[in-house]
Amino acid sequence: MPKMSLKAARNNVNLTQTQAAEALGVSVSTIKSWEKGITFPKQPMIEKLCELYKVDYDQVNFLP
């Protein structure tokens, strides 16, 4: 089964980029950068993303 993108995972829980950024304590530009694959979250943030987006690590494509 293909992994979903970070954007798809965020959209599945009906969060805007702004809401996700506020919940994670990062800037909106950081969320945009992760979703575009320009930069990538580090392990502690990946765990927070999985919790916020209600997904398992292996369901989301965190790297290109």
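Helices here are DSSP runs of H or I with at least four residues, numbered from the N terminus. With that naming, N14 lies in the loop between α1 and α2. The model is predicted.

## Backbone: positive phi

Most residues other than glycine have a negative phi. N14 has a positive phi, near 55°, and is not a glycine. N14 is exposed, with a relative accessible area of 67%.

K54 is another non-glycine residue with a positive phi, of about 55°. K54 sits in the segment after α4. At 69% relative accessibility, K54 is exposed. K54 is also among the residues that L49 touches.

Helix α2 covers residues 17-24, and its buried residues are Q17, A20, A21 and L24. Seen down the axis of α2, these residues fall within an arc of 100°, so they line one face of the helix.

What does the buried side of α2 pack against? The partners are α1, α3 and α4. The face turned away from that side carries E22 and A23, both exposed.

Q17 belongs to helix α2. At 19%, Q17 counts as buried, because the cut-off is under 20% relative accessible area. Leaving aside residues up to four places away in sequence, Q17 touches R10, V28, I31, K32 and E35. With E35 there is also a polar contact, side chain to side chain, at 2.8 Å.

## The salt bridge

How many salt bridges does a search of the whole structure find? It finds one. The partners are E35 and R10, with an N to O distance of 2.5 Å. They link distant parts of the chain: E35 is in helix α3 (residues 28-36), R10 is in helix α1 (residues 6-12), and 25 residues separate them. R10 is buried, with a relative accessible area of 6%.

E35 therefore has two polar partners described here: R10 through the salt bridge and Q17 through the polar contact, where the cut-off for the latter is N or O atoms within 3.5 Å. Q17 and R10 touch each other as well.

## The nonpolar core

The largest nonpolar core has 16 residues; L6, W34, L49, Y53 and F62 touch the most other members. Each of α1, α2, α3 and α4 supplies at least two residues of this core. Which helix gives the most? It is α4, with five residues.

L49 shows the packing in detail. Not counting residues up to four places away in sequence, L49 touches L6, L24, W34, P41, K54 and F62.

## The aromatic pair

The count of aromatic pairs comes to one. The rings of Y57 and F62 have centres 5.5 Å apart and planes at 15°, so the pair is stacked. F62 is buried, at 6%.

## The chain ends of the helical part

S5 is placed in the segment before α1. A polar atom of the S5 side chain lies 3.0 Å from the backbone nitrogen of A8. S5 and W34 are 29 residues apart along the chain, with their C-alpha atoms separated by 9.8 Å.

N61 is found in the segment after α4, the helix of residues 43-53. Leaving aside its neighbours within four places in sequence, N61 is in contact with K3, M4 and L6. From C-alpha to C-alpha, N61 and E47 are 13 Å apart in space, and 14 residues apart in sequence.

The table gathers relative accessibility for residues discussed above.

| Residue | Relative accessibility | Class |
|---|---|---|
| R10 | 6% | buried |
| N14 | 67% | exposed |
| Q17 | 19% | buried |
| K54 | 69% | exposed |
| S5 | 37% | partly exposed |
| N61 | 38% | partly exposed |
| F62 | 6% | buried |

Methods: Residues are numbered from 1 along each chain as its sequence is written. This is a predicted model: local features need pLDDT of at least 70, side-chain atom pairs count only at pLDDT 80 or more; totals for chains, interfaces and linings use all residues. Side-chain values use heavy atoms; hydrogens and water are left out. A salt bridge is a side-chain nitrogen of Lys or Arg within 4 Å of a carboxyl oxygen of Asp or Glu. Buried means under 20% relative accessible area, exposed over 50%, partly exposed in between (1.4 Å probe, protein chains only). Contact means heavy atoms within 4.5 Å. Rings of Phe, Tyr and Trp (its six-membered ring) pair if their centres lie within 6.5 Å; planes under 30 degrees apart count as stacked, over 60 as edge-to-face and the rest as tilted. The arc is that of the directions from the helix axis to the C-beta atoms. A nonpolar core is a set of buried Ala, Val, Leu, Ile, Met, Phe, Trp, Tyr and Cys residues joined through side-chain atoms within 4.5 Å. A polar contact is a pair of N or O atoms within 3.5 Å; within protein, one must be able to donate a hydrogen and the other to accept it, and residues adjacent in sequence count only if both atoms are side-chain atoms.
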